[in-house]
Amino acid sequence: MKKIVISTGGGDAPGLNAVIYAVVRSCYRRGWEVYGSKSGYKGLLDMDELLRLEIADVDEIYSMGGTVIGSTNKGDPFNMPVKNLAGETQVVDVSDRIVQNFTRMGFDCHIAIGGDGSLEIARKFADKGMPVIGVPKTIDNDLEATDRTFGFDTAVATATEALDKLHSTAKSHDRVMVVEVMGRDAGWIALYSGISGGADVILMPEIPFDMDKVCGKIMDNALHEKDYAIVVVAEGATAMGGEVISKGRGEIGRSEVLLGGIGEWVASEIRQRTEKDTRSLVLGHLQRGGSPTTFDRLLAMRFGAAAVRLVEKGIFGHMVALASSQMTSVPLEDAVKSRKKVNMQSDKVLTARDIGICLGD
Ligand code: F6P
């Protein structure tokens, strides 16, 4: 009999519940117990927030967005913000308490589902001797050690649907519509949805863009009797020589700045330079919500079941991964080493260029 604790950390992504579903059911078949740690590590920190997960608790959750055990992106146990008696916020390391609670509960393994930040925390716990297995999650698809993360396919589908809808309104008004999509360090969502959604311009963090080129492309549309344009810009994209536009640090305890604003900046530049009617919108968290696509559900369930098989084999300190359509695993330190950027020689980038999409360069 084994006892597993599972957590979901960082921003949510469609497919989290499908992983939980697969872990609980795979463990049940082996006669093992599963607990969910509420809101990242909070459950393991305050033991009253540990939920026993039975088959009935996960019935049909595979099709639901979000996570039934909650998540947080300000719960790093190695840098936890807590208020002292004077009401001041101090950053403390509560990781030892979590390791103690893990041992006291008699857990055999922690399955940590998360993106780069959460997997880095999982790696630190593995260094402290905790048996940990990581499951890669992020709509941004920017984890180097796996071909895909779940959540990405759903986010791309949402963004593509939005672009489809924007075509008719842009065309009716001869307008330029600038759509800001997520993508902090990499332009995966922008590139995939932009190609699939018929964008004229796609701007990604990988290519600092030149506004002259962007506006030139928009004006050139007139050569083909097209008086409107669709521009997709990833939140982490920057103009040549410019900086990432952010809204500052956001809430206390967040490890990353809150990105946002590049879409409106690009729109105002286009408005001034081309004198065309231009509007911008931010798709934001719509991309993280909703039911996972079939691809994401299946990938999430494959990851969940593969994680349980690793526990069975006694392989810890690894992250499950997808490589050439097969389930595999990689050491956690390799999983968090670097961000996966869009490859400029990939056929998707070549496709975008071949069909006349401007990438800002
Ligand atoms: O990492 C996923 C992501 O969706 C990023 O693209 C985005 O910058 C961030 O999460 C937003 O996080 P929050 O929900 O904290 O605003």
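Student: Which handedness does the crossing of α1 and α9 have?
Tutor: This is a predicted model, in which local features need pLDDT of at least 70 and side-chain atom pairs count only at pLDDT 80 or more, while totals for chains, interfaces and linings use all residues. Residues are numbered from 1 along each chain as its sequence is written, and side-chain values use heavy atoms, with hydrogens and water left out. Helices (H or I, at least four residues) and strands (E, at least two) are DSSP runs numbered from the N terminus, and a crossing is left-handed if the near helix is turned anticlockwise from the far one by less than a right angle, and right-handed if clockwise. By that rule, the crossing of α1 and α9 is right-handed.

Student: At what angle do the axes of α1 and α9 cross?
Tutor: Axes are lines fitted to C-alpha atoms, for helices over the stretch in contact, and angles run from 0 to 180 degrees between N-to-C directions. The axes of α1 (residues 16-29) and α9 (residues 294-313) come within 7 Å, and the crossing angle is roughly 40 degrees.

Student: How many charged residues are there in the contact of α1 with α9?
Tutor: Contact means heavy atoms within 4.5 Å, and residues including Ala18 and Val19 in α1 meet residues including Arg297 and Ala300 in α9. Ala, Val, Leu, Ile, Met, Phe, Trp, Tyr, Cys and Pro count as nonpolar, Asp, Glu, Lys and Arg as charged, and the others, Gly among them, as polar. The contact of α1 with α9 has 10 nonpolar residues and two polar ones, and the charged residues number one.

Student: How are α5 and α6 oriented to each other?
Tutor: The axes of α5 (residues 152-173) and α6 (residues 188-196) come within 8 Å and cross at roughly 45 degrees. Angles under 35 degrees count as roughly parallel, over 145 as roughly antiparallel, 65 to 115 as roughly perpendicular and the rest as oblique. The orientation of α5 and α6 is therefore oblique.

Student: How far apart are the axes of α7 and α8?
Tutor: Helix α7 (residues 211-220) passes helix α8 (residues 262-274) in a right-handed crossing. They pack at an angle of about 65 degrees, and the distance between their axes is 10 Å.

Student: What area is buried between domain 1 and domain 2?
Tutor: Domain bounds come from an automatic or database domain assignment, which divides the chain into domain 1 (3-150 + 292-335) and domain 2 (154-289). The C-alpha centres of domain 1 and domain 2 lie 32 Å apart. Buried area is the accessible area (1.4 Å probe) that two parts lose on being put together, summed over both. Carbon and sulfur atoms give 52% of the area buried between domain 1 and domain 2, which is about 1400 Å².

Student: In which strand is the place of His318?
Tutor: Beyond its neighbours within four places in sequence, His318 is in contact with residues including Val132 and Leu310. The place of His318 is in the strand of residues 318-323, namely β12.
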